[in-house]
Amino acid sequence: MDNHDTSSLASTASDSPVVRRGYIDGCFDIMHSGHYNAIRQAKAQCDVLVVGIHSDDEIASNKAPPVMKQEERYELLKHVKWIDEILHDVPYAPSLKTLARAKADFCVHGDDMPVDSTGRGAYDDLRDAGKLRVIKRTEGVSTTDLVGRLLLLTKDHLQGSQLDSGLAPKDRSCVSVRMLTTTRRIAEFSSRRAPTSDDTVVYVDGAFDMFNVGHATTLQKAKALGTYLLVGIFDDETVNSMKGSNYPVMNLLERVLNVSACKHVDEVIIGAPVEITEDLIKTMNISIVAQGSISSRRPRCPSSDEEGSVTQTNEVAKRLGILHEVESDYPHLTAAAIAERIANNRLTYIHRNTKRDALEKEYYSSKQHIAEKVCCHLAQCDVLIIGVYADESIVPDKALPVMKQDERYTFLKHLKWVDEIVYGVPVVPTTEFLDSINADFCIHGDNMPVNGEGRCAYDDLRDAGRLRVFKRTECVTVTDLVGRLLVQTRDHLTGPRLDDGLDSETRQILSAPGSPICRANDLAINSAVSSPRMATSPTNSRKVLVTNMIKRISEFTTRRPPKPDDVIVYIDGAFDMFNVGHASTLEKAKALGTYLIVGVFDDRTVNRMKGCNYPVMNLGERVLNVSACKHVDDAVIGAPLEFKEPKVLPRTVGFANKCFSALHPSSEVPSDEHGVRQKNDVPKKLGIFKEVESDFPELTVTTIAERISHNRLSYIAEKRNRAKSLE
């Protein structure tokens, strides 16, 4: 194509005297989060980003035939945020002439430089001319890796013969490094725009596996039905149950990043429920539920060879008259169709992957750290004062607090956003009290508490115009957490079962549908899946939305990338029922370096390590709690239990390990559990493993449960009173 074949996606008008124009190019075949992150990083370095894309012939002459058709690749780029202009049919090895055609000042590329068909570096000319800027490649994900995953598919629900049939074992593997999804990465992809009261919220959900132009155009049509698009993404277990044992090809967090890169998407729910309830519709203020035409045609009957298959009905949305079907522009572009394309040319792709494997090994053996650009965000206030009640002030109006007074006091010191702490504040604040601490106003959620006399505790401040009300975070309360622990039934919690001695009426209250606690029978039903505490009740379904929205995660994230001179410390664990013991340990770990990365195990890993009642908090809740700690710079969501390859380790001074039993699960796994134990062999072998002594070694989930057990009747009474107040 000629120079005129350039599409502009955004206005480039600017009041600035100098507009920086950047250029990045690629095949963009089977788009993944690595592509999107490269585009995002390139956009951070310029005002206008021009993206060049190669033709099918150009790719075939330098690599192998692309999996996605040319028009599919071209069209998908139009739906990606961060892209201002698109340049078609660019050469595989760009030159100064290419930059002139794009009217760009420089070219951007990852630190894994490709070579052309002659074996010469494809970007050597631009490097020599000082026109090349190198960005950090996203490790652990590539088109080659995705092709390798599809080559290994073996179940016959993919039409045709097995894709790896007749292949030698050495040809059935591809070099891959697991991509670590962090809170900072999710924050960088998030739009961070909250819906306004005037917005028409549209909800659409699905697997969004192998995200492609079919998904993107469907989301575009869904967005056109309203003004704010909320996308729910099913977790891996749900997709697996719906589509078969080989699905999804991409894991949940990869799929979340891909959808978040689409410019039509305003918010994403990580691990959305299969069925949306009326309660969820009210909570999220959803006006329209959109359903893709491919989803609506999915067979409702599970196949005979699949156990526990899940189907979606959208009955509530149909009954409310808010379900709209969106016709797909690419109805045949499915994960199965993409797999078939690879199957038809599998020997070609195996040969390409073999060549790419060698390049991957070379990259990881010689890679160096490259810092990423980041946009800073501003705090919303100058000074925030937190008041905390004394134990004796809590007891008259509520139950005895679970955490001791010094534990609560000390814990607040470790939270970000907190500037000052005032201890022993009155339960009913007054204007005189605000004046005494030099505060202009008081802030509280829209769930106003009442004191022992039945009067709203904040009436005086409201009447004086010194109360500001914000939106309460629904379905996450101390009462809820106490309720979850009250229904623990396994004997690995020391002492008698926590529900022993309760009358039938109380047991009925605890197990009632919609109760703000997790039901005991849900624990047994869900103990084998990734989120053992995600029940199907409306309350627990809402909890998924509240804790797993990418906007919420982005609000908790520092978004500061490590600098070249940072000393990075890594620590991992369950971090269940996050408390002062965890926070003080993270403080000590941070003191070993200058940048702290915290790995948070997923629900399945914690479940296997500690037993079927764990974790008490789901992964989304635990990630938010860890991210609220001021010592944490970044968190890995669903961190691996063991780092098996030194090449994927962060650039660290050492691994910090917890030397107390609360977060060292091997000592807590009972003999009848197939417990998983962490060894940390790789950091030990590298000599970077360090232990951190806890200041609160006795503060574990077990001891917290025991405290509740000793006062369970008091907590049950409080639960009853709270239920009445919410009626």
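Which side chain has a polar atom 2.9 Å from the backbone nitrogen of K69?

Guide: It is the side chain of E72. Bear in mind that this is a predicted model.

Start with the place of E72. E72 sits in helix 3, which covers residues 70–77. E72 is buried, because its relative accessible area is 7%, and the cut-off for buried is under 20%. A polar atom of the E72 side chain lies 2.9 Å from the backbone nitrogen of K69. The E72 side chain also meets the side chain of R341, in a polar contact of 3.0 Å. Now set aside the neighbours within four places in sequence. E72 is then in contact with V213, Y330, L333 and R341.

The side chain of K223 forms a salt bridge with that of D266, at 3.1 Å from N to O.

R319 and E278 form a salt bridge, with their closest N and O atoms 3.4 Å apart. R319 belongs to helix 13 (residues 315–320) and E278 to helix 11 (residues 278–283), so the bridge ties together parts that are 41 residues apart in sequence. R319 is exposed, at 57% relative accessibility. E278 is partly exposed, at 31%.

The count of salt bridges comes to 25. One of them joins the side chains of D47 and R20, at 3.5 Å from N to O. D47 lies in the loop between helix 1 and strand 3 (48–53), while R20 lies in the loop between strand 1 (6–8) and strand 2 (21–26), so the pair ties together parts 27 residues apart in sequence. D47 is partly exposed, with a relative accessible area of 35%. R20 is partly exposed too, at 38%.

Helix 1 itself covers residues 33–43 and is mostly covered, with 10 of its 11 residues buried. Among the buried ones are H35, Y36 and R40. R40 also takes part in a network of salt bridges with R184, R185, E188 and D634.

Now turn to a nonpolar part of the surface. F441, I443 and F470 make a nonpolar patch of about 260 Å². I443 lies in strand 14, residues 442–445. I443 is partly exposed, with a relative accessible area of 42%.

Last, a word on confidence. The chain averages a pLDDT of 75, and 69% of the residues score at least 70. Over residues 509–547, pLDDT stays under 50, and the model has 102 contacts beyond four places in sequence for them. Residues 646–653 also stay under 50, with 32 such contacts. Where pLDDT is low, the predicted coordinates should not be read in detail.

Back to the starting point.

Terms used
Residues are numbered from 1 along each chain as its sequence is written. This is a predicted model: local features need pLDDT of at least 70, side-chain atom pairs count only at pLDDT 80 or more; totals for chains, interfaces and linings use all residues. Side-chain values use heavy atoms; hydrogens and water are left out. Patches are made of residues with over 30% relative accessible area and no salt bridge: like charges are joined within 9 Å, nonpolar side chains (Val, Leu, Ile, Met, Phe, Trp, Tyr) within 5 Å. Accessible areas come from the Shrake-Rupley method with a 1.4 Å probe; for residues, only the protein chains shown count as cover. A salt bridge is a side-chain nitrogen of Lys or Arg within 4 Å of a carboxyl oxygen of Asp or Glu. Helices (H or I, at least four residues) and strands (E, at least two) are DSSP runs, numbered from the N terminus. Buried means under 20% relative accessible area, exposed over 50%, partly exposed in between (1.4 Å probe, protein chains only). A polar contact is a pair of N or O atoms within 3.5 Å; within protein, one must be able to donate a hydrogen and the other to accept it, and residues adjacent in sequence count only if both atoms are side-chain atoms. Contact means heavy atoms within 4.5 Å. pLDDT is the predictor's confidence in each residue, from 0 to 100.
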